[in-house]
Amino acid sequence: MIPLLRSEFDELAAAAARALATETTPVVVPGEAILGIEAVARCCAAPGRRFLNLANGPYGAFFGQWLREGGAEVRDLEIPWNDVFDAQAVADALDETRPDALCYVYTEAVTGGANPARAIQAAARARGVITIVDAVSSVGADPFRMDEWGVDIVSIGMQKALLGSNGVSFLGVSERGLRWMRDNRRAPEHSALSVTELYDAERAGIPAHLPVLEARDALRAFREIEETGGVDALVARHRALAERVRREAKALGFTLYQAREAACTALNTTLELPESPAAAAFSGEGIVRPGDGALFGRLLRVNHYGVSATDEAVNAALKTLARLL
Ligand SMILES: *Cc1c(COP(=O)(O)O)cnc(C)c1O
């Protein structure tokens, strides 16, 4: 495989910037999204730095752990996984704990819930708090506006809604977010986990350790998204499919796993596992998957995202669901 040309690398970063709705230049992470997320935690954490971490799914918990390992003071705000955070409750917690930074997962693919990111951002912005968002499962499926919402650090990958695969991911970083990481004397140095070194290196050249196959696949995916109307059209497609799956699954007799329908992500749809022998024996078919990790035996996930955000995939999924009752 031929390494990316500078022009192709710049095209990749520009496409990620469009997906994030930012004027800043995103960092291209030569690894899976989880690597970028860990790098952010390591670069932000330091003794004396205070974080409020919203946890209503599995990914939030990891992030809090990495911050603690870096010596930071972390307050986890927890709610049940079948619910999302109320922006007013987040605002109250910010007033009570007065952290330097707020971190949360926008969309949890494991639970099917999407936190009200726009309203949470407004609460954080009003208080001048740095915001760190895991939007790996959001961008492409749920609306996202980095600059308008005032997000400081955000991670995305290609493998959920963005029609690609994992192996290359991106970090959107505001000027303030970058400064905050540069100011951290405890941030990793000469390390694959240094976001600021990667940022500076990419201004000088293409990182030698960028996986070529995955970078080319990300470029292909972004071009495909552009050709079919851009990220907003992709979001609209996910939304229409999610609405259809919820409506038809309820008509079949399923109960949504998320307590509030308005909190459902457009990425996928989670349904309570029905009490039937077929459901008890179910191990997955097409885009209908059993619950992940702690949610195995509790719910079903209909993963109508990315390349599976099609009527054909959803038609097949609804037939599968009907057989499980
Ligand atoms: C999928 C996902 C990730 C990480 O993806 P990897 O494939 O492990 O890199 C991170 N956060 C959320 C919320 C996700 O859904």
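This is a predicted model: local features need pLDDT of at least 70, side-chain atom pairs count only at pLDDT 80 or more; totals for chains, interfaces and linings use all residues.
Now the layout. In the domain assignment of the protein chain, domain 1 covers 6-227 and domain 2 covers 231-323. The contact between them draws on 24 residues from domain 1 and 25 residues from domain 2. Their C-alpha centres are 26 Å apart.

Next, the polar side of that interface. How many salt bridges does the rule find across the interface of domain 1 and domain 2? The number is 2. On the side of domain 1 that touches domain 2, the residues split into 12 nonpolar, 8 polar and 4 charged. Elsewhere on my list is the salt bridge between Arg 260 and Asp 83, where the closest N and O atoms are 2.8 Å apart. For polar contacts between domain 1 and domain 2, the count is 14 residue pairs, both residues at pLDDT 80 or more.

Which residues come nearest to the ligand? There are 14 residues around it, and the nearest are Ile 34, Asp 134, Ser 137, Gln 159 and Lys 160.

I will take three of these by atom. At Asp 134 the side chain places an N or O atom 2.6 Å from a nitrogen atom of the ligand. Gln 159 also uses its side chain, with an N or O atom 2.7 Å from an oxygen atom of the ligand.

Last, burial. The ligand alone exposes 390 Å², and the protein buries 90% of that.

Methods:
Residues are numbered from 1 along each chain as its sequence is written. Side-chain values use heavy atoms; hydrogens and water are left out. Domain bounds come from an automatic or database domain assignment. Contact means heavy atoms within 4.5 Å. A salt bridge is a side-chain nitrogen of Lys or Arg within 4 Å of a carboxyl oxygen of Asp or Glu. A polar contact is a pair of N or O atoms within 3.5 Å; within protein, one must be able to donate a hydrogen and the other to accept it, and residues adjacent in sequence count only if both atoms are side-chain atoms. Ala, Val, Leu, Ile, Met, Phe, Trp, Tyr, Cys and Pro count as nonpolar, Asp, Glu, Lys and Arg as charged, and the others, Gly among them, as polar. A residue is near a molecule or strand if one of its heavy atoms lies within 4 Å of it. Accessible areas come from the Shrake-Rupley method with a 1.4 Å probe; for residues, only the protein chains shown count as cover.
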